[in-house]
Amino acid sequence: MKKYLIFRTDRIGDFIVSCILINSIKRNDINSYITVVCSKKNYDYVKSINLVDEAILYPEKILERMKFYFNLKRLKFDVSLALDGKKKSIYCSILSFSKKNILCTTKLFYKYLFYPLFTKIFYIKETNL
């Protein structure tokens, strides 16, 4: 069984877009265990989705965050995906010490800065419509 850690610390709509990826993981690896780190804005929704095995609320208080960071290593994930591209998700992904770390970012600078720390980085160019 592969354990996936997915960071979606933004809003419900952004998580819904990620459901395509989560569904694909579940379809290709039936025994996968998917944990999603959520924001306060999408936690209840993520918890209710049957594609997700566990939803974790990203802590707001500093002391709780420190505890959260230290617990990530103990949980031992195979793959960590920072899909929201936020700094807190990037740092947590690095601290998770997963076998594979994947980052999606809209910042070209992050692509080069975090290159040695991630297995794969997807740079998504922002468009102004």
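Mentor: Happy to! Let's begin with tyrosine 58, which is buried because its relative accessible area of 6% falls under the 20% cut-off. Please keep in mind that this is a predicted model.

Tyrosine 58 sits in the loop between strand E3 (54-57) and helix H3 (62-75), while phenylalanine 68 is in helix H3, so the pair ties together parts ten residues apart in sequence. Phenylalanine 68 is buried too, at 10% relative accessible area.

Compare that with the pair formed by phenylalanine 109 and tyrosine 110, which is tilted, at 6.4 Å centre to centre and 50 degrees between the planes. Here the two partners part ways: phenylalanine 109 is exposed at 57% relative accessibility, whereas tyrosine 110 is buried at 7%. Both residues are in a cluster that ring pairs build from Tyr91, Phe109, Tyr110, Phe114 and Phe118.

Back to helix H3, where phenylalanine 68 sits. The helix has 14 residues and spans 20 Å from first C-alpha to last, close to the 20 Å expected at 1.5 Å a residue. Just after H3, lysine 76 takes a positive phi of about 50 degrees. Lysine 73 lies over the face of phenylalanine 97, 5.1 Å from the ring centre.

Now for the nonpolar packing. The largest nonpolar core has 19 residues, and Phe15, Ile22 and Val36 touch the most other members. Two or more residues each come from strand E1 (3-8), helix H1 (12-28), strand E2 (33-38), strand E4 (79-82) and strand E5 (100-105). H1 contributes the most, with four residues. As for valine 36, setting aside neighbours within four places in sequence, its contacts are Ile6, Arg8, Phe15, Ile22, Val46, Val52, Glu54, Ala55 and Ile56.

Phenylalanine 68 brings us back to where we started: a second, separate core of nine residues includes Phe68, along with Leu5, Val37 and Cys92.

Conventions:
Residues numbered from 1 in each chain as written. Predicted model: local features only at pLDDT ≥ 70, side-chain atom pairs only at ≥ 80, totals over all residues. Heavy atoms only, no water. Buried < 20%, exposed > 50% of the residue type's maximum accessible area, 1.4 Å probe, protein only. Phe/Tyr/Trp six-rings, centres within 6.5 Å; stacked < 30°, edge-to-face > 60°. Lys NZ or Arg CZ within 6 Å of the ring centre and 35° of its normal. Expected span 1.5 Å × (residues − 1). Core = buried A, V, L, I, M, F, W, Y, C linked by side-chain atoms within 4.5 Å. Contact = heavy atoms within 4.5 Å.
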